[in-house]
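The following paragraphs lead through one protein chain, beginning with a single residue and widening from there. Please look at the sequence and the structure first.

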Amino acid sequence: MTRFFKITLALVLAMFATTTLTACATSEHVHMDNVTAVIDVRTASEYASGHLQGAVNIDVEAPDFSSKVGTLDHAGDYVIYCHSGRRAGIAITNMESLGFNGTLTNAGGIDEAASATGLPIVQ
């Protein structure tokens, strides 16, 4: 194996490990009293079509994601969601690489996140 392939494989495995370890099932309840913020990492148009009450929209696929999320408290506890949980996992990996060391919870898709947090979906 080439060095590039080994590094790429390690990064992919780390991403999946992070996503799996931080994912929460819809039956699990997130205790919101310790949560610093809820972050919706979908696009602005997805957010406008419905989001969790009080959620902050920071699009993980936007070029300014790292700079926007970097302004948040790195020791805070965050609940992150998207449409299915895939982008939330990517956001968590990026946040960890930026030095976030609080609890980063992948709440999955918006319906799962609403169930886990008890927050209503609003427009």
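Gly 108 is found in strand E5; helices (H or I, at least four residues) and strands (E, at least two) are DSSP runs, numbered from the N terminus. This is a predicted model, in which local features need pLDDT of at least 70 and side-chain atom pairs count only at pLDDT 80 or more, while totals for chains, interfaces and linings use all residues. Residues are numbered from 1 along each chain as its sequence is written, and side-chain values use heavy atoms, with hydrogens and water left out.

Gly 108 has 8% relative accessibility and so counts as buried; buried means under 20% relative accessible area, exposed over 50%, and partly exposed in between (1.4 Å probe, protein chains only). Leaving aside neighbours within four places in sequence, Gly 108 is in contact with Ile 80, Tyr 81, Cys 82, Ser 84 and Gly 85, where contact means heavy atoms within 4.5 Å. Gly 89 lies 19 residues from Gly 108 in sequence and 8.5 Å from it in space, C-alpha to C-alpha.

Strand E5 covers residues 104-109, and because six of the six are buried, it is largely enclosed by the rest of the structure. Strand E4 (residues 78-82) pairs with E5 in the parallel sense over four bridges; two strands pair if DSSP finds at least two bridges between them. Between E4 and E5 the chain passes through helix H4 (residues 86-97), a right-handed β-α-β crossover. Right-handed means that, with the strands pointing away from the viewer, the path from the first strand over the helix to the second runs clockwise. Tyr 78 stands opposite Leu 104 in E5.

Helix H5 spans residues 110-117, and its buried residues are Ile 110, Ala 113, Ala 114, Ala 116 and Thr 117. Strand E2 (51-52), E4, E5 and strand E6 (121-122) are among what covers these buried residues of H5. Just after H5, Gly 118 takes a positive phi of about 80°.

What of the chain as a whole? There are five helices and six strands in the chain, and read along the sequence they follow the pattern α-β-α-β-β-α-β-α-β-α-β. Of the 123 residues of the chain, 37% count as buried. Among contacts in the chain with a separation of 6 or more, 72% are between residues 24 or more positions apart.
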